[in-house]
Amino acid sequence: MNCAKFTTQLKKLTQMSEQQFLTPDALNWPEVLPKNQWCFSPELISIFGSEQWHELTEQQQMSLSFYEAINFFSLNVHGEKYLINAVSSHLFNYPSLEMSEYLLHFIEEEAKHMMYFSRFCSQYANKIYPLRALEVGTPGEGEIELLLLFARIYIFESIVDEYNRQIASDSSVIGIVSDINRLHHLEESRHLAFGLGFLKYWLQELQDSIDEQQLLKISQHLNGFLHNTWKQFYCPDAYFDAGLSDCAGLSMAVFNSEPAQQHRDKIQHKRLAWLYQQQLLGDVA
């Protein structure tokens with residue numbers, strides 16, 4: 001994507017953010033959540049289909065679905081806090097003024113999302129689960145790091161958005177949870193359009209300065225980030241709160257299982273196809 005086309009996209013996204021700003025005020029927050037309903041789509045629960053899953057009663061599965069929702073929303077709080085800090089630190093040093101102007105809307109919307117994710121966790125579970133991700137070193141600075149920053153954001157938001165999309169359309173999930181996922185999906189669609197547009201534009205700008213060795217380092221870095229992002233979905237804290245045993249062992253066993261790998265592959269190859277096509281993700285040595 002060339003600079004002129006990307007600038008046109010930025011102006012359009014800015015206009016959409018101004019005209020389609022969604023407020024969470026319309027969310028209907030029940031005082032307490034019913035215990036006999038799903039808070040997370042069963043098929044998206046991390047241990048779905050495993051031996052441990054089949055050993056649970058339906059009521060226990062529903063209880064686990066509540067803590068999986070708490071973990072998913074906690075992950076969003078941490079992810080958006082990182083995003084706001086990282087994007088803010090570069091404001092008005094981006095390649096164009098139009099990009100900084102759009103990112104002001106982007107940051108405002110992410111802060112709003114963080115409010116309803118954190119409210120759900122605090123109001124119904126009185127906690128936000130801690131982030132367990134390992135640090136992934138950055139292989140570049142300056143222009144390369146700008147590519148990596150928005151590639152990391154695009155990876156995180158793409159995976160989260162797939163969950164948002166599926167949960168929002170699942171009629172078995174309690175209303176407040178599906179409504180939060182629906183609101184988030186609507187605004188994240190703009191953020192993802194921006195992210196992919198920027199990555200296409202910026203990779204074209206850097207194409208003459210990235211050699212095969214640098215491309216390998218970038219791919220290794222982003223694969224590590226993708227791996228760590230997925231690890232957060234297999235949360236021992238959620239298993240413990242749901243009354244499961246050997247929570248750390250269960251997390252590792254399920255994460256390494258073939259069905260779980262197939263689930264992750266299906267989502268990431270669908271949602272991150274462009275990154276794979278550009279070899280920014282893929283098999284690395």
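Mentor: Let's start with burial: a residue is buried under 20% relative accessible area, exposed over 50% and partly exposed in between, using a 1.4 Å probe and protein chains only. In this predicted model, tyrosine 234 and phenylalanine 255 are both buried. Residues are numbered from 1 along each chain as its sequence is written, and side-chain values use heavy atoms, with hydrogens and water left out. Because the model is predicted, local features need pLDDT of at least 70 and side-chain atom pairs count only at pLDDT 80 or more, while totals for chains, interfaces and linings use all residues.

Trainee: Let's move on to helices. At what angle do the axes of helix H4 and helix H6 cross?

Mentor: Helices (H or I, at least four residues) and strands (E, at least two) are DSSP runs, numbered from the N terminus. Axes are lines fitted to C-alpha atoms, for helices over the stretch in contact, and angles run from 0 to 180 degrees between N-to-C directions. Here, H4 (residues 97-125) and H6 (residues 175-206) cross at roughly 155 degrees, and their axes come within 11 Å.

Trainee: Are H4 and H6 roughly parallel or roughly antiparallel?

Mentor: Under 35 degrees counts as roughly parallel, over 145 as roughly antiparallel, 65 to 115 as roughly perpendicular, and the rest as oblique. H4 and H6 are therefore roughly antiparallel.

Trainee: Which residues in H4 and H6 meet?

Mentor: Contact means heavy atoms within 4.5 Å. On the H4 side, the residues include Met99, Tyr102, Leu103, Phe106, Tyr116, Phe117 and Phe120, and on the H6 side they include Ile176, Val177, Ile180, Leu183, Phe194 and Phe198. The residues of this contact divide into 13 nonpolar, 3 polar and 6 charged. For that count, Ala, Val, Leu, Ile, Met, Phe, Trp, Tyr, Cys and Pro are nonpolar, Asp, Glu, Lys and Arg are charged, and the others, Gly among them, are polar.

Trainee: How far apart are the axes of helix H3 and H6?

Mentor: The axes of H3 (residues 58-88) and H6 are 13 Å apart, and the helices pack at an angle of about 30 degrees. That makes H3 roughly parallel to H6. In this contact, Phe72, Phe73, Asn76 and Glu80 of H3 meet Val177, Ile180, Asn181, His184 and Glu188 of H6. The residues here split into 4 nonpolar, 3 polar and 2 charged.

Trainee: Now the rings. How many aromatic pairs does the structure hold?

Mentor: A pair of aromatic rings is described by the distance of the centres and the angle of the planes. Rings of Phe, Tyr and Trp (its six-membered ring) pair if their centres lie within 6.5 Å; planes under 30 degrees apart are stacked, over 60 edge-to-face, and the rest tilted. This structure holds 30 such pairs. One of them joins phenylalanine 6 and phenylalanine 194, a tilted pair at 6.2 Å centre to centre with 35 degrees between the planes. Phenylalanine 6 lies in helix H1 (residues 3-19) and phenylalanine 194 in H6, so the pair ties together parts that are 188 residues apart in sequence. Phenylalanine 6 is buried at 2% relative accessible area, and phenylalanine 194 is buried at 1%. Another pair, tyrosine 234 with phenylalanine 255, is edge-to-face, at 5.2 Å centre to centre with 85 degrees between the planes. Tyrosine 234 sits in the loop between helix H7 (212-231) and helix H8 (236-241), and phenylalanine 255 in helix H9 (residues 247-255), 21 residues apart.

Trainee: Which residues form one aromatic cluster?

Mentor: Trp29, Phe40, Phe72, Phe73, Tyr116, Phe117, Phe120, Tyr124, Tyr163, Trp230 and Phe233.

Trainee: Leaving aside neighbours within four places in sequence, what is leucine 10 in contact with?

Mentor: On that count, leucine 10 is in contact with Ser96, Glu98, Met99, Tyr102 and Phe194. Leucine 10 lies in H1 and is buried, with a relative accessible area of 0%.
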